[in-house]
Structures are given as C-alpha cells and as structure tokens.
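Okay, thanks for making time, everyone. Let me put the model up and we'll walk through a few spots together.

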Amino acid sequence: MTDQADTASWHKTACILCENNCGIQIQTNSRRFAKIRGDKEHLATSGYTCNKALRLDHYQNGVERLATPLRREADGSFTPIDWDTAVREISARLKSVRDTHGGKSIFFYGGGGQGNHLGGAYSGALMGALGARYRSNPLAQEKTGEGFVDAHLTGGHTVGDFENAEVSVFIGKNPWQTHGVSRARAVLKDIAKDPARTMIVIDPVRTETADLADIHLQLRPGTDAWCLSGILGVLVQENLVDHAFLDTHTTGAATVLEQLKTVDVAHCAATCGLDEELLRTTARRIATASSVSTYEDLGVQQGPNSTLVSYLNKLIWLLTGNFAKQGAMQPHSWVVPLARYSTRPRRTPVTGARMPGGLVPCNVIAEEILNDHPDRFRAMVIESSNPAHSLADSAAFAQALDKLDLVVVIDIALTETGRRADYVLPAASQYEKWEATFFTFEFPHNTFHLRAPVLDPLPGTLTEPEIYARLVRELGAVPRSRLSLLRAAARLGRTPYKLAFAALAVLDKSTIQLAPYLLYETLGPSLPNGARSAAVLWALCQRIAKEYPKAMRRAGHGDAEALFEAILKGRSGVVFTEDEYDDAWDYVPHPGHRIPLPIPELLDLHADLDTTPAVHTTEEFPIVLAAGQRRAFTANTIIRDTTWRLRDKGGTLRISPHDAEQLGLDNGAPARITTERGTANATVEIDDRMQVGHAALPNGFGLDLPTGNGETERTGVALNTLTDLRRRDPIAGVPWHKHVPARIEALPA
C-alpha cells in the first residue's frame, strides 16, 4: 500500500451487494479502492461488514466500463455516438412507439440494484411523460408472493426482531451467507450461545446457519408447505394458539382454525421426510416462547407453493401472538414503499397475469411480448438490471428482446442484456454519484442512508437522474414557464417552494407524475455539494412528515425540512422514525386495525395439499437442482469480474456423496447438467451438506466477459439457460429457480 493511500481520507458510504447495505469507509488511491473497512458510526450496522464488501474495488475497477453511448446498427454492431445524438434519437423513437401503440406499450424494467435506488425514483417521471403504465424489477421474481400475503394480512411488509427474539425461525434462508438480518453473523452467534434462546432452520441443505441451529428440519426439497402445515396443525390441535391475541387483534380466526384442525400431521411429516415428533417439538417450542421472529427467503420464495408457504409462515406467528412486541414481527415505516400493497392486484395487458405489488411478474414478460396481441409491449427501458441473464429461460427472453421495436439499456458496462439493445447509455457507478437505497425495514428505529460520491464520475458517463432528465426535456413534457415558476420559488427558500409546488399540483394533475423531474430541475441545483439527485428526497421527507409525524419527531426531526437537512448531512445514515410498540397497530390498514386471517384463495390451496404433487422430478430428470445458491464468494452479478473470488472460482456443482457414487463422479470431475430447457457443464464438488437427489449451482456466474482479443469468455454456468419460465407460482408468478428438475451425467475427464 502506498504512503498516499495510507494518508488519504476515508470516504463514508455503504456496501451495495445485499439489502443490508452495511455502512463502510473507503480509502482511495487515485480511482482505486485501496482499503475498505466497516463504518463504526453507521447507525444501522455499527461497523459490521462481511468479506464481500472488502472486495468492492472489483465492482468499481474490475469491469470494462462504458464511457460513451452506443447505437446498434443494422448488422448488429455498435457505433459510439455522443449524448446529444443518443438523447435525440431515443426520444424520437419512444415518441414513435407511444404515438403508434400508446404509452402503455412502453415497459420499464429495473430501477436499482441492491444500492442504487435514486435513479429508479426518477424513471417514474419519464414513464409519466410517455404515459407508460407497466414496470417490473427483480422483486417480481422473489418477493411479490410474500407481498400478496402481507397486503391481505398486516397491510404491509413485516420484519423480525432477531436481536431480541427468544425463538428465531429461518425458512429457506441462510443468513450466514445471504445476510438480510442486520449484522447477521454477530446476531446468529449471539443466539447460538444463549441457552435460553432457540434457533430453528427449515432448509433441505445443512447450511452454515443450520450448523448453529438448535433444530434443523432438513426436509425434502419443495415440501415446505407440508412442513409449515404440520406445525400449524400441532398448534391448533394441541390448543397452543394465543386465543386472547386472536380475539383482540384479528378477524376470521375461526375459519382458519377450523381448517387447521383437520391437518394430518403425520402425513405432513412423512411427505417432508421428517420425524413427526421433531415436527411436533418444533411447534411446541414456538408456541411456548415469549417471542418469535421468522424470516422466509428465496429458498422457499423461488420454489413450489411459494405464496402458500408465505401465508402459512405468517399464520404461525399470528396464531401465537407474535406481532407488535419486542422480539417478534413488526411492521415499519418507509421512506417510500418498494411496492404497492393491494388486495386487488392489477393484471397484465396480454396474459392477464396478476401483478402483486403493481409489478409485472418476471416469468410472464416474454409471453407479454412474443405474440401478436395489439396490447403487447413494444419497447423496453432497462436500468441497472440484466434480465437477459437473470430471468428464467434466457433463450425465450432473448427472443422477446429481439422482437421489440426499441430496447434502451442504462448500465455501467455492456451486459448480456445490453448486447441485445438498440441503445446502451453509460451510467456513473454507484460510488461516483449521490445514491441511496430504499430498503428501510427497521423497527422501532428506522434508518436511511444518503451516500455521497466517493469518486468523480468516469468521463463520458452520466447519472441515471440526469439521463432521465435529458430524455424528459427532449420530449418537451414540461412547459418552460412551469420550470421558471418553480426555480423562482426555490430562490426564495424552501417554504415558498413548497407552496408553489403544492399550488401547481392542484392546478395540473400531471405535476405529481412528473414530480421527480421537476424537483431535479428546480430544487436540485440549490442543494449543497452537487447533491442534485437528492432533490426527490425532499418530497419524500414531506411524505414521511405526513404519514409518520409522531415517529419522525421522536427521531429528533421537528418537521420535514429538518429531516431533509439531516439526511443531506448524515454521512453515516439518519434515524428518520422512532416508533413505539403500540404504534405497530397504526400500520394495519384494515377496519379496527384488526388483521383478517382468512385468505380464501390460499386456504383453498392449503386444503388441496393432500392432492397436490410434492415431487416434481421424473425418471428422465431425477435430481432437484437449486439454480442459485449463495456462497462465501458469490454475489449478484453487479460484480462483472471473476478475479474477486478467492475460492470456488469456477462455480462448482455441489452434490451429495451418495449421488456422486451413483453417478461415478469424484471431486473435480466434469459433469453435464440437463433440464427441460437446456444443458450446461460444471465441475463437481462432493458436499455432505446436500441431501440425496438434491444439487446446487451458485449464483453470480455465467457472465460473458470481454477478453483481450475482443471476444467474450464465460466462467461457470449461466443458470437461466437451464430454468423454465413455465414453472412458476400460480398466484404471484415467481419462478422455481430453487427447484429445477434436472439430470446429471459424468463427462469424460
């Protein structure tokens, strides 16, 4: 390390590799990240970070960056063009699609990764200018089933208080590797060493979290619904439910309890391959605990019966009264909700698929395009996402992209999706601009972190807010007189600005749709230190003051302006609300703030479990493949650089010792994986953590990365060459990435 690096100042920011966005400090050497450490002053993570954050230089400097807009030519090649040309041509083509087919034919995908959400906020203004109505993002292949259940029950997202819970339950979740829980490994260790507390893991794999658990229900892959049904059956049949809680805080409990009385617990245990008494012991431990928190994640949310599993999970903690108290499940405030929590989801224009959270399910996007329906999508704007790689059935999605009239990709590199685009616009990296995440999931103290740039933008790149602003300007969506009015008001101060903005919203309803653009152009230039992109947060602070006034004031902010100033200055984050446990009921939007327990459609699915297939493998495809296992050196594909991995550099195929013996495979042997949709080759790793008949490939591999000779090279398996968009949840449409029937065969060495 050079002396220059040792004496350079530390820049406070955050990790961008998972939803926790741990606070970190970065010491730079020119444009390199010379050193990275946890930020001990960060209000949410207090200096905690995992090994992956320490490798973030490979995100910033390990990728071949784009530094000029690209236009695809008729022969498929790309021509560099200047920004003015790109904005002019893209705006003209978007106008053409809108004027010919309507704004609803223009589809938006993305709007952030695990850390850059401000750009997504500004994309709404471009959607408003075009009259676009449909959008999606990676949440729609993960969390929308859970969101559907949340909308019906508590009315919004809930989180567990694992730092204080007597019993912690992880369902298809391995926080040792996937985090999700703030300071995950420290919290897991604290639970494991406390004899008065219990950790329960429900997972077909003996994960690192399961190693720490008191109870590991190592069920057969894909049988989670039967496992949770069995636990609920024990709770009801042994009268272990909290009747006082149900009588006071819920409605319709009798309907749910009556159905659960009929659950055949022994059959459920047998279906899961579990000892019945262990299942009963698990239910009794949950019932007798003073507090219980649960966490379900992609292990079940990307498998069979995923929305039903979410419902059964939430019934477990509701029937035992584990809501709105320390150590239990909590609702929370938002800077801005990530999805719409509605009990009446919209439907997609062609297939009529329901849209939980207001998002088009990822597994139907190709079907919404690959048809001749007059309402099909005709254009896509894709920001900070790589759906050609990340969505199920890559071949089908590639066909869909090729059929569109226009594809515009905004990203820092030429991704697999970008290579199929008509235009690729180079964005500044997440450490070259003001950024934030809207993953504000905490209770009772909820935090938000606006991150200042660590580096200047790479020459030739623009921030997403600036890109959207230029497109809106070119479209001529806002009269100059309106901008002049708001700019004049901004010069007078934020109080006159607020009054002018409110008056404009009354006079012209399009003001709200175009608000991010208006804020960026008029309030943004007045913000200190070039924080123009933070202008949208001013409006969100007004929302917080309206939605959570008492909680905001408890957090020390007298009004929206005070909160906004604190956010602008808070380099280690800001507590924006401070709730009390009784406040939790104010978040429940149903009559009397009571939780309605029956969801008829899901109760019907539960009643049909006796006739629902629990096995989806066949003689031709006898193995269940988990396509996307999180490991110590895997992350989302935001890191387009293979050299960051110190272990498992090729992404091994993990299989059980029994399966390896049956297939004639040794450690390091090559094998072929075949599914209904494709084939891939991988190196075998024999792992006794895997069950017989269960295999796993890691996430984050299979990118086509540039080589020195102008070609591309792929390391590891591109998982979605193997997955099938037809295998999806009947309610939310989320894919079965973690449950892919497959065949594994030995290859010649």
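So, which ring does Arg645 lie over the face of? That's Phe701, and the distance to the ring centre is 3.8 Å. A charge sits over a ring, for us, if NZ of Lys or CZ of Arg is within 6 Å of the ring centre and within 35 degrees of the ring normal. There's another one like this: Arg532 has its charged end over the ring of Tyr520, 4.2 Å from the centre.

Quick housekeeping. This is a predicted model, with local features needing pLDDT of at least 70 and side-chain atom pairs counting only at pLDDT 80 or more, while totals for chains, interfaces and linings use all residues. Residues are numbered from 1 along each chain as its sequence is written, and side-chain values use heavy atoms, with hydrogens and water left out.

Let's stay with rings. Rings of Phe, Tyr and Trp (its six-membered ring) pair if their centres lie within 6.5 Å; planes under 30 degrees apart are stacked, over 60 edge-to-face, and the rest tilted. That rule gives 20 aromatic pairs. Take Phe162 and Phe170: the centres are 5.1 Å apart and the planes are at 20 degrees, so this pair is stacked. Phe162 is buried at 4% relative accessible area, and Phe170 is buried too, at 1%. Buried here means under 20% relative accessible area, exposed over 50%, and partly exposed in between, using a 1.4 Å probe and protein chains only.

Now compare Tyr497 and Trp538, which pair edge-to-face, with 5.3 Å between centres and 75 degrees between planes. Tyr497 belongs to helix 21 (residues 494–507) and Trp538 to helix 24, so the pair ties together parts that are 41 residues apart in sequence. Helices (H or I, at least four residues) and strands (E, at least two) are DSSP runs, numbered from the N terminus. Tyr497 is buried at 0%, and Trp538 is buried at 3%. And there's a cluster made by ring pairs: Phe245, Trp317, Phe323 and Trp585.

Buried residues in helix 24 include Ala535, Val536, Leu537, Leu540 and Ile544.

On to the sheets. Strands pair if DSSP finds at least two bridges between them. Strand 10 (residues 198–202) and strand 11 run parallel and are joined by three bridges; Val201 has His216 of strand 11 as its bridge partner.

Axes are lines fitted to C-alpha atoms, for helices over the stretch in contact, and angles run from 0 to 180 degrees between N-to-C directions. Contact means heavy atoms within 4.5 Å.

There's also an open sheet of three strands, in the order 1-2-3, and the pairing there is antiparallel. Its edge strands are strand 1 (10–14) and strand 3 (32–38), and the twist averages 35 degrees from one strand to the next. Five bridges join strand 1 to strand 2 (residues 23–29), and Lys12 has Gln25 of strand 2 as its bridge partner.

Last stop, two residues. Is His179 buried or exposed? His179 is buried, at 6% relative accessibility, and is found in the loop between helix 6 (175–178) and helix 7 (184–193). Beyond neighbours within four places in sequence, its contacts include Cys18, Asn20, Tyr48 and Cys50.

Then Asn446, in strand 21 (residues 445–448), is buried at 0%. The C-alpha atoms of Asn446 and His332 are 7.6 Å apart, though 114 residues separate them along the chain. Leaving aside neighbours within four places, Asn446 also contacts Val574 and Phe576, among others.
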